[in-house]
Each structure stands twice: as structure tokens, then as C-alpha cells.
Amino acid sequence: MKKKTFPPRLHAIFATNSDEAIVIRRGLSKYVCTIGWDRKKDEFKVGQWLHGRIYERRSDLSPDGKYFIYFAMNGKWDSEMQGSWSAISFYPYLKAFQIWAKGDCWFGGGIFVAKDIYWLNDDPPVFRHQLKQQRSLLKRTDTFPWHESYGGECQGVYFIRLQRTGWNLVDKIESGNLEVTTIFEKELKRGWVLRKFARAGLGTSKSKACYYDEHELENHEKGIRLNYKDWEWADYDKVQRRICCATEGKLYYAKLNSHELTEVKELYDFTDMKFQAIDAPYF
């Protein structure tokens, strides 16, 4: 019997003060790559591949779209990076100009609080990073960038990033099967609300990760609710004034009128991408 395969998982991060975005593509197997996305021209450029895992929910893009901070793991616990690390690179590449060994999968990654200032998701002294390489291009702040903490895993960075970019945390639901759903909403035009269900738990099937999102659109004025459980990522693109979403390894956009999504179009199909050894054009 042929082994069932699943489409790659996609997650995007918008730069808040530029046209740039980064798409993090995970799969198949234990590979991940980053892709630069020019949202004004809808042009895509492959950055680099990694044989390992990038924790997209603990990553961030600087407001000007120039730098990428991320947390990665390859499980080589006896290596210099101790199996996991946090790093900062030039968008859309992964080659680090600043890097910290981690040695575990607690905390890690970080948030940009300005175009040249970042906060490292550290927790001294127990889960402290170990600096391995540094260039004085950016400044680090130790001031916690939010008024509420969400723990040492993916929510600890992800929920801060969502709220920083206009999502409102409106509810938290705990179910009896050890799953937690945190609900975020983003107000759109014409009475629409984009709702994100950030789920944490064991997942409902092998196609789901421990952390995954589902979405819906609701128009309170019209009494309309549109469910999109297959959207693994979605956000409102202010540059092009449209909804962008990812499902089944493909990226789409759509417009909203007063009753429904219109002009639904495929932006890019990431399904058949293969590993490439790509050198970053710096250092």
C-alpha cells in the first residue's frame, strides 16, 4: 500500500511597515524552507532550505522586512548548536549573522519591537540561550514586549505577534480532551470580522500539528458566517486590501463584498517544491 502523504504546511508573516512577507514552508519529510513574498508585485523568491524544523510561531519579521528572527531545531544535540538554536538572518534567507545555541525546545525565537530592536524569547537561568555569533547590526531589549505571558512554547511569541499586528484576543476555551482554543478577531471593513481559532493540543489527526489554526468570517450586520476550517493560515493584507489564506500547500487571495468572498485566486502553489542547496548572498 502506498504511504499517504500530506501537503506542505504554510505559514506567513507580514512586515508591518513594508510590502514584504515571509512564507515558511514545512514538509515533506523533515525539510523546511523560507520564501520571500513581495506583496505589492506578488513575486516570490526562495530563500534557503533547512533539514530540520523552524518553529514559525516563535519567529518574526522586522517591521521594514529586512531581518528575520527564528527558532530552529535539527535534533543534533551533540553539535555546537546543541540541537536547537535561535538566529537572526537577512530576509528571506536563513544564514545567521547572530545566533544562539539553545539545547532544548523551551522558549526560543523572538519578536521585533522596532526595525532595529528585538526581544529574545529567553528564560534565564534555566533555559538560557548561549551566544555563539554576533554582529552589532541590531539592539537587544530585555524588556518584555507585552502585558501578558503565554508560556514557554509557541504561544509565548505567537500570541504577542498576533496582538501586535491588530488581532484581538477575545476568548479562551478549554475542552475535556486537554485541548485549548484561543480565539482572536480582526475587524475588517463592511461589518466583517476575520476570526482565528488558535488550537493547542494533540490534534485531531496525523495531518494536524500540536498547534494549528482554523478560521471563519462573520458579518454581524448581515447575519452571515462563513467557516474555513481548511485555512491553516489567514490574515488581512493591508497593502493589497484583501484576505490572504493558505490551504493544501497553496496560497490564495480573495476580496470581500457585503455578502461573500469574491475574486478568489491562487497566488502560488508550493506543493512540488524540492530541496535546493542555496547560498545566501552575504558573508
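Reader: Which does Glu263 count as: buried, exposed or partly exposed?

Author: This is a predicted model, in which local features need pLDDT of at least 70 and side-chain atom pairs count only at pLDDT 80 or more, while totals for chains, interfaces and linings use all residues. Residues are numbered from 1 along each chain as its sequence is written, and side-chain values use heavy atoms, with hydrogens and water left out. Buried means under 20% relative accessible area, exposed means over 50%, and partly exposed is in between (1.4 Å probe, protein chains only). Because its relative accessibility is 48%, Glu263 counts as partly exposed.

Reader: In which strand does Glu263 lie?

Author: Helices (H or I, at least four residues) and strands (E, at least two) are DSSP runs, numbered from the N terminus. Glu263 is not a glycine, yet its phi is positive, at about 55 degrees. The run that holds Glu263 covers residues 261-269 and is strand 22.

Reader: What is the relative accessibility of Glu248?

Author: Glu248 is another residue other than glycine with a positive phi, near 55 degrees. Its place is in the loop between strand 20 and strand 21. Glu248 counts as exposed because its relative accessibility is 55%.

Reader: Which residues have the most contacts inside the largest nonpolar core?

Author: A nonpolar core is a set of buried Ala, Val, Leu, Ile, Met, Phe, Trp, Tyr and Cys residues joined through side-chain atoms within 4.5 Å. The largest one has 24 residues, and those with the most contacts inside it are Leu217, Trp231, Ile243 and Leu261.

Reader: Which element supplies the largest share of this core?

Author: Elements that each supply at least two residues of the core are helix 1 (155-164), strand 16 (192-200), strand 18 (224-228), strand 20 (242-247) and strand 21 (250-256). The largest share is five residues, and these come from helix 1.

Reader: How many residues of helix 1 are buried?

Author: Among the buried residues are Val157, Phe159, Ile160 and Leu162, but also Gln155 and Arg161. Helix 1 is mostly covered: of its 10 residues, the number buried is nine.

Reader: Which residues are closest to the centre of the second largest pocket?

Author: On a 1 Å grid over the protein atoms alone, a cavity is a set of points where a 1.4 Å probe fits but cannot get out; a pocket is an open set with protein on both sides within 12 Å along at least five of seven lines, and lining residues have an atom within 4 Å of a point. The second largest pocket has a volume of about 440 Å³, where grid points are joined across faces, edges and corners and the volume is the space filled by probe spheres set on the points. Of its 27 lining residues, the closest to the centre are Phe14, Thr165, Lys186, Tyr236 and Lys238.

Reader: How many residues of this pocket's lining are charged?

Author: Ala, Val, Leu, Ile, Met, Phe, Trp, Tyr, Cys and Pro count as nonpolar, Asp, Glu, Lys and Arg as charged, and the others, Gly among them, as polar. Strand 1 (9-14), helix 1, strand 15 (180-187) and strand 19 (233-237) each give two or more residues to the lining. In that lining 12 residues are nonpolar, five are polar, and the number charged is 10.

Reader: With which side chain does the side chain of Gln98 make a polar contact?

Author: Gln98 lies in strand 9 (residues 96-101) and counts as buried because its relative accessible area is 1%. A polar contact is a pair of N or O atoms within 3.5 Å; within protein, one must be able to donate a hydrogen and the other to accept it, and residues adjacent in sequence count only if both atoms are side-chain atoms. At 2.7 Å, the partner of the Gln98 side chain is the side chain of Tyr118.

Reader: What distance separates the C-alpha atoms of Trp49 and Ile24?

Author: Trp49 is in strand 4 (residues 43-51) and is buried, because its relative accessibility is 11%. Leaving aside neighbours within four places in sequence, its contacts (heavy atoms within 4.5 Å) include Arg25, Tyr31, Leu94 and Phe275. Trp49 and Ile24 are 25 residues apart along the chain, and the separation of their C-alpha atoms is 10.0 Å.

Reader: Where does Pro92 lie?

Author: The peptide bond from Tyr91 to Pro92 is cis, with omega near 0 degrees. Pro92 is in the loop between strand 8 (84-90) and strand 9.
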